[in-house]
Amino acid sequence: MLGTDLPSDYKELSEAYPTFSVGGFLLVGTPWPGREAESAASKLGALDVLEDLVDADMAHGYVPYPRPGGLLHCAESSSGDMFYWRTGDLNPDSWPVVVSTRNDDWWEHENGLVSLLTGLISGHIPPWGLPDPFPGGDATVWLADGLTSL
């Protein structure tokens with residue numbers, strides 16, 4: 001559906017958990033079994049905002065996937081902060097995560113989405129342009145079924 005594989009840390013996360021929210025702030029969408037096409041369409045649809053930023057010369061040189069080295073959506077905050085993989089390397093496990101904050105801070109994390117999330121939540125990675133403490137002091141993880149917290 002996407003025309004590319006995804007990083008293995010994300011695939012492992014998706015196999016272990018459905019879509020989840022951290023602190024009611026950060027949403028990480030994972031595909032539901034049998035509904036992978038909808039997840040792919042959602043990831044591609046989220047690139048419309050990035051395309052608007054490119055058109056306005058406000059994307060800091062980034063472009064949306066499927067352009068070479070383009071960004072592919074992987075998570076977002078309730079405040080409009082976006083998390084993307086920067087595609088381009090043939091090995092998706094080498095893709096850095098690009099964070100675009102609503103305050104126009106753009107930065108990259110080289111060690112994958114799961115590493116970024118755990119680093120932000122634990123405080124080991126500074127939340128440049130994001131709430132500090134991240135995610136606003138509430139690290140409760142709610143699964144998409146609405147019934148489970150971790």
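**Tryptophans and the sheet**

A: Let's start with Trp128, which is partly exposed, with a relative accessible area of 48%; buried means under 20%, exposed over 50%, and partly exposed in between (1.4 Å probe, protein chains only). This is a predicted model, where local features need pLDDT of at least 70, side-chain atom pairs count only at pLDDT 80 or more, and totals for chains, interfaces and linings use all residues. Residues are numbered from 1 along each chain as its sequence is written, and side-chain values use heavy atoms, leaving out hydrogens and water.

Q: Is tryptophan 107 buried or exposed?
A: Tryptophan 107 is buried, at 9% relative accessible area.

Q: And what about tryptophan 85? Buried or exposed?
A: Tryptophan 85 is buried, with a relative accessible area of 0%.

Q: New topic: in what order do the strands of the sheet come?
A: Seven strands make an open, antiparallel sheet, ordered β6-β5-β4-β3-β2-β1-β7. Strands here are DSSP runs (E, at least two residues; helices are H or I, at least four), numbered from the N terminus, and two strands pair if DSSP finds at least two bridges between them.

Q: Which are the edge strands?
A: β6 (106-109) and β7 (141-143), each pairing on one side only.

Q: How many bridges join β3 to β4?
A: Five, with β3 covering residues 71-77 and β4 residues 82-86. Leucine 72 sits opposite tryptophan 85 of β4.

Q: Which element has the lowest mean pLDDT?
A: Helix α2 (residues 36-45), at 62, while β6 has the highest, 98. pLDDT is the predictor's confidence in each residue, from 0 to 100.
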